[in-house]
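Hi,

Here is the structure I promised to pass on. Have a look at it first, and then read my notes below.

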Amino acid sequence: MSTILITGATSGLGRYVAFELVRLGHVVLVHGRDAGRTERLAGELRAEGDAEAFVADLASLAQVRELAGHVADAHPELDVLVNNAGVGFGTPGAGRELSADGHELRLAVNYLAPVVLTGALLPVLRANAPARIVNVGSAGQEPLVAEDPEFTRGYDGVSAYCRSKFALAAHTFALAGELDGTGVSVNVLHPATYMDTAMVREADVTPWNTVADGAAGVLALATRDLGSGRYYDGTSPARAHEAAYDPRVGRRLAAVTEQLLGA
């Protein structure tokens, strides 16, 4: 059985996946932003198995790094990371928002946070290989504009979300190459379209799918060896935005990311 960290586990898809994993006998580490909700969730999970709560605001990269340190110290046996937490489109017509570090919020939470968390936990995951990283992406992908990664011009919430999910996919494919031969796999998936979550309802969209529909792909990637450097639509192998596979795009993204994280 594995020790699995799930970010954004207090509601929606993350919560559903946490219960499924604990029922399968895994040790489930749940992350949330709100201490009360996260502790309550861990308590509910402990009624069915082994679980622990970890609290951090992923809009603060300092807190992301602290989260990684706390998890690594408490669970050096960690072998699966599910980067599930995310910020959606926002309410229709809402303006650009900033993270605690001054980054565009969707880029910060949906892309920079998983990059930093993954990087900080990689030594633990490599030590426990075979290990898995599952990035919860989206079919909505739009290439990040390297000249304006923070989306300061012509901001649109849907585009900001799609740019952050494109970046996550491109990063996944580049990281898979770097991890080749280490026993650590990394994949990205679109769980399901417009699941019944707070994120979707906030965007004033009528849900098309349940979180159970979306959970199947996450559970498969978290618990089975399904290769590395792949994109899945639910449980089916699929193709991400073609530009996400371009090594030149990957190199530009890496340079922009380094610049943003160094800022």
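Before the surface numbers, one bit of background: accessible areas here come from the Shrake-Rupley method with a 1.4 Å probe. On that basis, the chain exposes about 11200 Å², and carbon and sulfur atoms supply 49% of that area. Keep in mind that this is a predicted model.

Now for the overall picture. Along its principal axes, the C-alpha trace spans about 50 × 40 × 35 Å. Buried residues make up 54% of the 263 residues. If you take the contacts with a separation of 6 or more, 69% of them come from residues 24 or more positions apart. As for charge, there are 21 positive and 31 negative side chains, and the centres of the two sets lie 3 Å apart.

Which residues of H1 are buried? They are Leu13, Gly14, Val17, Ala18, Phe19, Leu21 and Val22. What do these buried residues pack against? Their partners are strands S1 (3–6), S2 (27–32) and S5 (131–136), along with helices H2 (35–46) and H7 (211–223). After H1 comes glycine 25, with a positive phi near 100°.

Next, two spots where the backbone is worth a look. Most residues other than glycine have a negative phi, and most peptide bonds are trans. Alanine 129 and proline 130, however, are joined by a cis peptide bond, with omega about 5°. You'll find proline 130 in the loop between helix H4 (105–127) and S5. The other spot is phenylalanine 151, a residue other than glycine whose phi is positive, near 55°. Phenylalanine 151 sits in the loop between S5 and H5, and because its relative accessible area is 4%, under the 20% cut-off, it counts as buried.

Phenylalanine 151 also turns up among the contacts of alanine 160, which is part of helix H5 (residues 157–178). Leaving aside neighbours within four places in sequence, alanine 160 touches Glu104, Arg106, Phe151 and Tyr155. Is alanine 160 buried or exposed? It is buried, at 2% relative accessibility.

Valine 184 is in strand S6 (residues 184–190) and is buried too, with a relative accessible area of 4%. With neighbours within four places in sequence left out, valine 184 is in contact with Leu122, Leu125, Arg126, Ala131, Ile133, Leu179 and Ser228. Valine 184 and leucine 24 are 160 residues apart in sequence, and their C-alpha atoms are 22 Å apart in space.

Last stop: arginine 251, in helix H8 (residues 247–262). Is arginine 251 buried or exposed? Its relative accessibility is 56%, over the 50% cut-off, so it counts as exposed. Arginine 251 and histidine 171 are 80 residues apart in sequence, yet 9.5 Å apart in space, C-alpha to C-alpha.

Cheers

Note on methods. Residues numbered from 1 in each chain as written. Predicted model: local features only at pLDDT ≥ 70, side-chain atom pairs only at ≥ 80, totals over all residues. Heavy atoms only, no water. Buried < 20%, exposed > 50% of the residue type's maximum accessible area, 1.4 Å probe, protein only. Contact = heavy atoms within 4.5 Å. Lys, Arg positive; Asp, Glu negative; His and termini not counted. Charge placed at Lys NZ, Arg CZ, Asp CG, Glu CD. Helix = DSSP H or I, 4+ residues; strand = E, 2+ residues; numbered from the N terminus.
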